[in-house]
Amino acid sequence: MLFRSLRLYPTFIRPERVCTAEWSCREFGIRIPKGQVVMIASWAANRNPDVYDSPDEFRPDRFLPGNKASLNPYAFSSFGFGHRNCIGTRFAYESLRIGLATIFNEYRFEARSDTQLKFKPGVIMILQYEPLYLEAVKRK
């Protein structure tokens, strides 16, 4: 659930793979020869309206365990998939959970008066927004 914002804004926008065998898809008339570099458009795949209803909306509830059966296991491509997926995926999830739990246990965050949520159109990597200024207030 914590990484699901990566569906809308993937860190790796086009992971590459080398085709290891001749491949073709009759339905779409696609043929990929052995040795061809194939790039996957993560941004487009993660916003596919055939896979996600309202694909441009941030709705993390679509990834809840009760909705798992309705999800295509290969649709969320931010960490890759199959036997070549990111080996650090599980570690990243667990590290983030532990880190956030520790931080939120000690601090609460409040928006400063000079904070405005302003999206930078056309930026495709991590820095999609103008800086957000927060105050970390120690819990008592």
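1. In this predicted model, N85 touches F79 and G80 once residues up to four places away in sequence are set aside. The residue is found in the loop between α1 (42-46) and α2 (89-106). Is N85 buried, partly exposed or exposed? Its relative accessibility is 33%, so N85 counts as partly exposed.

2. The overall architecture may be stated next. The protein has two helices and six strands, and from the N terminus on the elements follow the order β-β-β-β-α-α-β-β. Among contacts with a separation of 6 or more, 54% are made by residues 24 or more positions apart.

3. On solvent accessibility, the protein consists of 140 residues, of which 17% count as buried.

4. With a relative accessibility of 12%, below the 20% limit, R47 is classed as buried. What does the side chain of R47 contact through polar atoms? The partner is the side chain of D56, in a polar contact of 2.8 Å. Leaving aside residues up to four places away in sequence, R47 touches R7, L8, Y9, P55 and D56.

5. Because its relative accessibility is 3%, Y52 counts as buried. Beyond residues up to four places away in sequence, Y52 touches R7, A45, N46, R62, F63, L71, A75 and F76. One of these residues, A75, is 23 residues from Y52 along the chain, and the two C-alpha atoms are separated by 8.7 Å.

6. S54 deserves a backbone check. This residue has a positive phi of about 50°, although it is not a glycine. S54 lies in the loop between α1 and α2, and its relative accessible area of 35% makes it partly exposed.

7. The structure holds one aromatic pair. The pair consists of F104 and F109 in an edge-to-face arrangement, with 5.8 Å centre to centre and 85° between the planes. An angle over 60 degrees counts as edge-to-face, which is why the pair is assigned to that class.

8. K138 lies over the face of Y107, at 5.2 Å from the ring centre.

9. How many disulfides does a search of the whole structure find? The search finds zero disulfides. C19 is buried, with a relative accessible area of 13%, and C25 counts as buried at 18% relative accessibility. Both values fall under the 20% limit, so the two residues are classed as buried.

Definitions and conventions: Residues numbered from 1 in each chain as written. Predicted model: local features only at pLDDT ≥ 70, side-chain atom pairs only at ≥ 80, totals over all residues. Heavy atoms only, no water. Helix = DSSP H or I, 4+ residues; strand = E, 2+ residues; numbered from the N terminus. Buried < 20%, exposed > 50% of the residue type's maximum accessible area, 1.4 Å probe, protein only. Contact = heavy atoms within 4.5 Å. Disulfide = S-S within 2.5 Å. Phe/Tyr/Trp six-rings, centres within 6.5 Å; stacked < 30°, edge-to-face > 60°. Lys NZ or Arg CZ within 6 Å of the ring centre and 35° of its normal. Polar contact = N/O pair within 3.5 Å; in protein donor to acceptor, adjacent residues only side chain to side chain.
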